[in-house]
Amino acid sequence: MAGSKYAYVRNFELPDPLLPGTFMLLRLDGHSFHRFSDEHGFTKPNDSRALELMDHAAKDLMEQYPDIVLAFGESDEFSFLLRKSAALYNRRQSKIVSTLASLFTSSYVFHWAKYFPDCPLKYPPSFDGRLVLYPSAREIRDYFSWRQTDTHINNLYNTTFWALVQQGGQNTTYAHATLKGTFSKDKHEILFSRFQINYNAIDARFRKGSTLVREELPEKTTANDDGAATGEPSDSGAPAAVKMRGRTKPRTQVVVLHCDIIKDDFWDARPEILAD
Ligand SMILES: Nc1nc2c(ncn2[C@@H]2O[C@H](COP(=O)(O)OP(=O)(O)OP(=O)(O)O)[C@@H](O)[C@H]2O)c(=O)[nH]1
Ligand SMILES: [Mg+2]
């Protein structure tokens with residue numbers, strides 16, 4: 001089909017394929033959430049409503065994109081791991097990053113009122129996205145350890161900082177000065193001796209972030225005449241079992257955990273996450 005004389009401009013659109021057979025790691029991060037959290041009155045240091053809303057948007061993404069095998073979120077960011085063999089959008093980088101960032105953002109806005117019933121959105125939030133390729137399981141393990149260590153460092157600092165301000169009556173400048181040069185054990189000590197806070201007893205959501213994985217649902221399906229599963233969707237809205245190429249895939253649902261993902265236990269229990 002002959003194009004118009006203008007159609008040559010299409011030739012300037014360059015392909016941006018991602019290397020095959022590599023893990024894709026997509027990280028989304030709230031744009032200027034320092035301001036957004038202020039304007040919407042997020043509680044300090046952690047706002048459970050805001051964190052649960054982030055989890056909800058991440059869950060929507062995992063339910064829409066089966067190639068996402070793991071997600072980890074803290075503060076205003078979420079990381080998504082896509083399996084090595086993912087063929088999503090022919091592995092076109094901009095298509096993947098822009099579509100997933102867009103769905104996450106619209107989901108965040110879509111569910112906003114459920115989590116902030118008394119606080120209408122003042123302006124539309126946005127999230128940036130970046131995609132990095134990693135060649136092996138080692139980098140993926142280290143990536144998630146990096147993010148969860150960041151969660152720990154930030155949360156310990158913020159928890160101690162806001163205890164000094166909110167309960168200790170220090171102004172923010174003074175609280176920063178109090179914490180300057182302190183080690184982890186010093187912050188634990190300040191929390192415990194001055195404010196009777198046992199850091200390890202703080203909600204695991206704040207200390208460990210949110211980890212989203214797929215878990216198999218207990219068998220609830222009945223076989224019809226040709227052996228195909230006819231399970232009803234569960235209450236959680238998880239998809240029913242699907243018969244593919246002669247075998248029935250187990251029904252799964254996305255669950256939110258607040259657990260350690262640095263040590264081996266989490267990964268040993270879920271070898272499918274790093275499988276091809
Ligand atoms: N009060 C409160 N603030 C939060 C919470 N979660 C995230 N934030 C805010 O969001 C910011 C996230 O950090 P960054 O992503 O580094 O900062 P940013 O302002 O979003 O800037 P860019 O990402 O570079 O656009 C934090 O510094 C906090 O100000 C929360 O639970 N409570
Ligand atoms: Mg941000």
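**Around the ligand**

Tutor: Ser 75 sits in the loop between strand E2 (68-74) and strand E3 (77-82). Helices (H or I, at least four residues) and strands (E, at least two) are DSSP runs, numbered from the N terminus. The model is predicted: local features need pLDDT of at least 70, side-chain atom pairs count only at pLDDT 80 or more, and totals for chains, interfaces and linings use all residues. Residues are numbered from 1 along each chain as its sequence is written, while chains are lettered from A and ligands numbered from 1 in the order in which they are written.

Ser 75 is buried because 21 other C-beta atoms lie within 10 Å. Buried takes 20 or more such atoms, exposed 12 or fewer, and partly exposed lies in between, with C-beta atoms placed from the backbone.

UniProt, in an unreviewed entry, lists Ser 75 under "binding site", along with Asp 29, Gly 30, His 31, Ser 32, Phe 33, His 34 and Asp 76. Such annotations may be inferred rather than shown by experiment. These residues spread over 48 residues of sequence, yet cluster in space, with a largest C-alpha distance of 12.1 Å.

His 31 lies in the loop between E1 and H1. His 31 is partly exposed, because 13 other C-beta atoms are within 10 Å. Beyond four places in sequence, His 31 is in contact (C-beta atoms, placed from the backbone, within 7 Å) with Ser 126, Phe 127 and Asp 128.

Now the ligand. Ligand 1 is surrounded by 14 residues, and the closest are Phe 33, His 34, Ser 37, Phe 42 and Asp 47. Strand E1 (23-30) and helix H1 (33-39) each give two or more residues to this shell. H1 gives the largest share, three residues.

Key. A residue is near a molecule or strand if its C-beta atom, placed from the backbone, lies within 6 Å of it. Two residues are in contact if their C-beta atoms, placed from the backbone, lie within 7 Å.
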